[in-house]
Amino acid sequence: MRDGSRVPPADLSAVEDGRLAVRDLTIAARDSGGILVSGVAFSVVPGETVALVGESGSGKSLTILAMLGLLPGGVVQTAGDVRLGGSDITGFAGDSIRLRGRVIAAIFQDPQASLDPRWTVGRYLRDQLFRHRRLRGAAADREAAALLDGVGLPQPERLMKSYPHELSGGMAQRVMIAGALAARPRFLLADEPTTALDVTTQAQILDLLADLQKREGLGVLLVTHDLGVVAEIAHRVVVLYGGRIMETGDAARVLGHPRHPYTAALLAAMPDITDDMPPVAIPGHPGERPASGCPFHPRCGLATSACETAPPSLREIGPEQGVACYHPLPSAAMTQGLIRYAVG
Amino acid sequence: MTSAETAAGTAPGTVAANRRRKRSAFRSMPFSVCLGACWMALMFAAAIAAPWLAPYGYAEQQPLLRLKPPALFGYETPFWLGSDHLGRDVLSRVIHAIRLSIVIAVAGTLIGACVGTAVGMLAARLRGWWEEALMMLVDVQASLPFMIFALTIVAFFGNNFWLLVIIVGLAGWERYARLVRGLVVEAETTGYAAALRAVGADSWRIYRHHILRNITGALLVQMTLNFPETIMIETGLSFLGLGVQPPLTSLGLLISESRNYIAIAWWIALAPSIVAAFTTLSVCVVGDWLRDVSDVRLR
């Protein structure tokens, strides 16, 4: 504490090969024992954006909270681990607590509620800079101004004296991002960072995230229910439904040629301005979870008796594409082949 | 604006900015708050300087000058505020009573606030089983008839001044505990606490620097509501003979003593009642104003 220049030791060597991986993550309700998230596994590498997509109740926010070790009181992680490089950081237990915020930082849905109403922006940033990098005084002020500049906020000097209620939603989210970046993390977990913002601001924040991911080589894990957002900035995508991974893979591939009926249904439910087809809602309610089998089978047009007995496991179905379905949709190549067969 | 101030303004030391903000808040202090603050200052001064301010000793009896009316109202007596049934100077007794009552009320309020805040924070932090247990304790305290509780304690431990302070302090802690628990749970579940954890702040830090600061306003209001109550509780206990013991005096004791003579010597009741009423009013007004200035969102 006394030595101002010393940066506290963070176990960065283990992070060098940098891969934030979740394996077999299972989360259950404490009282009822109901499984909320089951066997979720994916990874994020620095420099890429992975999108975690799903309707409300699909377990996407729980997944991110579990990764941060911030699960709310009523739920517990019953299996699985979170790994950073080679080391186990599940729940940030023990020594790895130092890595939270330092290597993995997070921003949340409602930026204005996420800032302490009594702390000025400057105080928040200086606090972050001191805690993670032992910067103080003029050095901290310079760095804080640079951070605000880096997230596209003009007039950092004035802004640093502002209280959160004096900021707009977009500005507050930018401040949150600046605060998260103060520690120079390798990964940024963003839990629906644009939901509380209006549409034009949403686009700006997404641009900023994409830009930061390129500039700083950040690994971004973006939780969203907006497929438009995914198409815009994600490299890879993980589609969740009912606490299970339905489909995963390269974003362009998954969105372009979905192999899982759920992904296809999600895409069909999106209004398309270039298409005369009206959006098609998925029948049923996202909340209803069957007692067994694939979580999507009650709402799936392709479901058979096999789907009702046991959930299908995630399997590789094409290059960089995995799907958990007994009846995957035909691939693009196959569709073309069929058409050719039918025509020819 | 001095050059030093502008320099501090450009280097974003918010200390300077905050100081400016606070100064302007004090400048725009409403008249009623100003009066309240002056009255409180006067009371504290009287409490500190009681032995020097009082013209007579608080137990000094002059049997020949019993129930003399106050000189302040034009009567030819040596007592500004009159004398009581034992020929004691009411002014001196009120000054000494202020001293005791203020110590009891301030210490009692602080004890209640500290105990309650600690219990509330613990409950909100630990959740689960601990929370249930602590909140059950709060419910027990809230449902207990306070006088019976106080009587029992006095019966077991005897009567002394500091015990009285503790009893008075324990009279309100459960309300602080409930209030604080609610506020902390709210901050923990919906707001900045989770966000701060996610960027690496530890619980101790979040509680000390963020949550405690944010609940100060509500705590302050609860304290200003509680302060008059501690005076009333002390009065009640003294009235039952469980509080301050004669010849020591407190505002409550003075009022209860005066009640027997209210028809023939109204002045014995007058001064302590006015002092008690003005003090509680001042505390409420000043406390409310303090909450408003301390909340950055209301500026």
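How much space lies in the largest pocket? I found about 940 Å³ there, a pocket being, on a 1 Å grid over the protein atoms alone, an open set with protein on both sides within 12 Å along at least five of seven lines. I took volume as the space filled by probe spheres set on the points, with grid points joined across faces, edges and corners.

I noted that this is a predicted model, in which local features need pLDDT of at least 70, side-chain atom pairs count only at pLDDT 80 or more, and totals for chains, interfaces and linings use all residues. Residues are numbered from 1 along each chain as its sequence is written, chains are lettered from A and ligands numbered from 1 in the order in which they are written, and side-chain values use heavy atoms, with hydrogens and water left out.

**Entry: largest pocket.** I recorded 31 lining residues, with L70(A), L71(A), P72(A), G73(A) and E188(B) nearest the centre; a lining residue has an atom within 4 Å of a point. I then looked up the elements that each supply at least two lining residues: α1 (60-68) and β4 (75-84) from chain A, and α5 (90-126), α6 (128-143), α9 (173-190) and α10 from chain B. Helices (H or I, at least four residues) and strands (E, at least two) are DSSP runs, numbered from the N terminus. I sorted this lining into 12 nonpolar, 11 polar and eight charged residues. Asp, Glu, Lys and Arg count as charged, Ala, Val, Leu, Ile, Met, Phe, Trp, Tyr, Cys and Pro as nonpolar, and the others, Gly among them, as polar.

**Entry: cavities.** I listed six cavities of 30 Å³ or more, a cavity being a set of points where a 1.4 Å probe fits but cannot get out. Of its 13 lining residues, P261(A), C294(A), C300(A), C307(A) and C325(A) are closest to the centre.

**Entry: chain contact.** I counted 32 residues of chain A and 29 of chain B in the contact (heavy atoms within 4.5 Å). The buried area is about 2700 Å², 54% of it from carbon and sulfur atoms; this is the accessible area (1.4 Å probe) lost on putting the two parts together, summed over both. I found one salt bridge between the chains, defined as a side-chain nitrogen of Lys or Arg within 4 Å of a carboxyl oxygen of Asp or Glu. R205(B) forms this bridge with D127(A), the closest N and O atoms being 2.2 Å apart.
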